[in-house]
Amino acid sequence: MKSAPVHVCIVAGRPDHTLVLAGLTRQLHKENSIYLTRVSTRTHYNPEMTIACRRLEEEGFTVEEESRIRLESEKAHQYPEPFHFGALEYDALLQRLQPDLVLVYGQSHDSFTAAVAATQSGIPIAHVQDGKSAYHPQDPAFGYGIARLARLHFTATPAASDAVADLGRDPARIFTVGSLVKEQAARTRFQSREAFCSSAGLDPASDFFLVCFQADSALGSANSGRTRALLD
């Protein structure tokens, strides 16, 4: 008798999570032994996320389940909704979907909330990119919590695997698989210098710096000081 496929539910709380998980999602989708569900929060549909939404559509993704969690605050340290609200939303989704395994990524507040909801529903958790460091001071605490709740741990480096094992997790359930971010970069088609300069209004023959700056939400308005220092 043919066994039923394993229902894997990928929870992507942020647009960048969905993009990084794109390759893994495609691989799982090809497996006949896996029934795949992708869950996304409404932060993907915040007006400020228009560009990210367009990228998701270009990747060929559609959102099959959507919670009411929405990021609208401009305050530092402000999370999309109170923790209990997010947990209730994820709990309702998971109760409806009834997956065999919930897969979460990274160390974000969204991933931690989903992991708590899965634990309360008795659903095993697979934590992808476990044990990695982060600049935001809250993230390592969330990552620690997810690691303690997860059944399976997939890390980018041996050092990250050691970090997870140091938390008392079973080494037999820790797998060093490499960086999904690196794989995503390898799949990305980059513009030529000429095409980039044309789109940005730059002279290809001139010297210039391209600086990508990601503000630290923990610093809030103090990020402007970093920007001025960089420009100086």
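In which helix is the place of Ala 159? I looked it up and found Ala 159 in helix α7, residues 158–165. Helices here are DSSP runs of H or I with at least four residues, strands are runs of E with at least two, and both are numbered from the N terminus.

**Ground rules**

I note that this is a predicted model, where local features need pLDDT of at least 70, side-chain atom pairs count only at pLDDT 80 or more, and totals for chains, interfaces and linings use all residues. Residues are numbered from 1 along each chain as its sequence is written, and side-chain values use heavy atoms, with hydrogens and water left out.

**Overall**

I counted 10 helices and seven strands in the protein. Of its 232 residues, 39% count as buried. Buried means under 20% relative accessible area, exposed means over 50%, and partly exposed lies in between (1.4 Å probe, protein chains only). The protein exposes about 14000 Å², and carbon and sulfur atoms supply 55% of that area. Accessible areas come from the Shrake-Rupley method with a 1.4 Å probe; for residues, only the protein chains shown count as cover. I also looked at contacts between residues at least 6 apart in sequence: 64% of them join residues at least 24 apart. Contact means heavy atoms within 4.5 Å.

**Helix α7**

I went back to Ala 159, which counts as exposed because its relative accessibility is 55%. Ser 161 is buried, at 10% relative accessible area. Setting aside neighbours within four places in sequence, I find Ser 161 in contact with Thr 155, Ile 174, Phe 175 and Thr 176.

**Nonpolar cores**

Which residues touch the most other members of the largest nonpolar core? They are Val 11, Leu 94, Val 102 and Val 104, in a core of 20 residues. β1 (6–12), α4 (83–97), β4 (101–105), α5 and α6 each give two or more residues to this core. The most come from α5, with six residues. Apart from this core lies another, of 13 residues, including Leu 103, Tyr 105, Ala 126 and Val 128. A nonpolar core is a set of buried Ala, Val, Leu, Ile, Met, Phe, Trp, Tyr and Cys residues joined through side-chain atoms within 4.5 Å. In soluble globular proteins, nonpolar side chains tend to be buried together.

I listed the contacts of Val 104, leaving aside neighbours within four places in sequence: Val 11, Ser 111, Ala 114, Ile 125, Ala 126, His 127, Val 128 and Ile 146.

Ala 115 sits in helix α5. Its relative accessible area is 0%, so Ala 115 is buried. Beyond four places in sequence, Ala 115 is in contact with Ile 125, Ile 146 and Leu 149. Ala 115 and Phe 142 are 27 residues apart in sequence, with 10.0 Å between their C-alpha atoms.

I then checked the aromatic rings. Rings of Phe, Tyr and Trp (its six-membered ring) pair if their centres lie within 6.5 Å; planes under 30 degrees apart count as stacked, over 60 as edge-to-face and the rest as tilted. The count comes to three aromatic pairs by this rule. Phe 112 and Phe 142 make a stacked pair, because their ring centres are 5.6 Å apart and their planes are at 25°. Phe 112 lies in helix α5 (residues 109–120) and Phe 142 in helix α6 (residues 139–149), so this pair ties together parts 30 residues apart in sequence. Both Phe 112 and Phe 142 are buried.

**Loops**

Gln 98 is in the loop between α4 and β4. I noted that Gln 98 has a positive phi of about 55° although it is not a glycine.

Is Ser 33 buried, partly exposed or exposed? Ser 33 is partly exposed, at a relative accessible area of 45%. Its loop runs between α2 (22–30) and β2 (34–40). Leaving aside neighbours within four places in sequence, Ser 33 is in contact with Pro 5 and Val 6. Ser 33 and His 7 are 26 residues apart in sequence and 8.8 Å apart in space, C-alpha to C-alpha.
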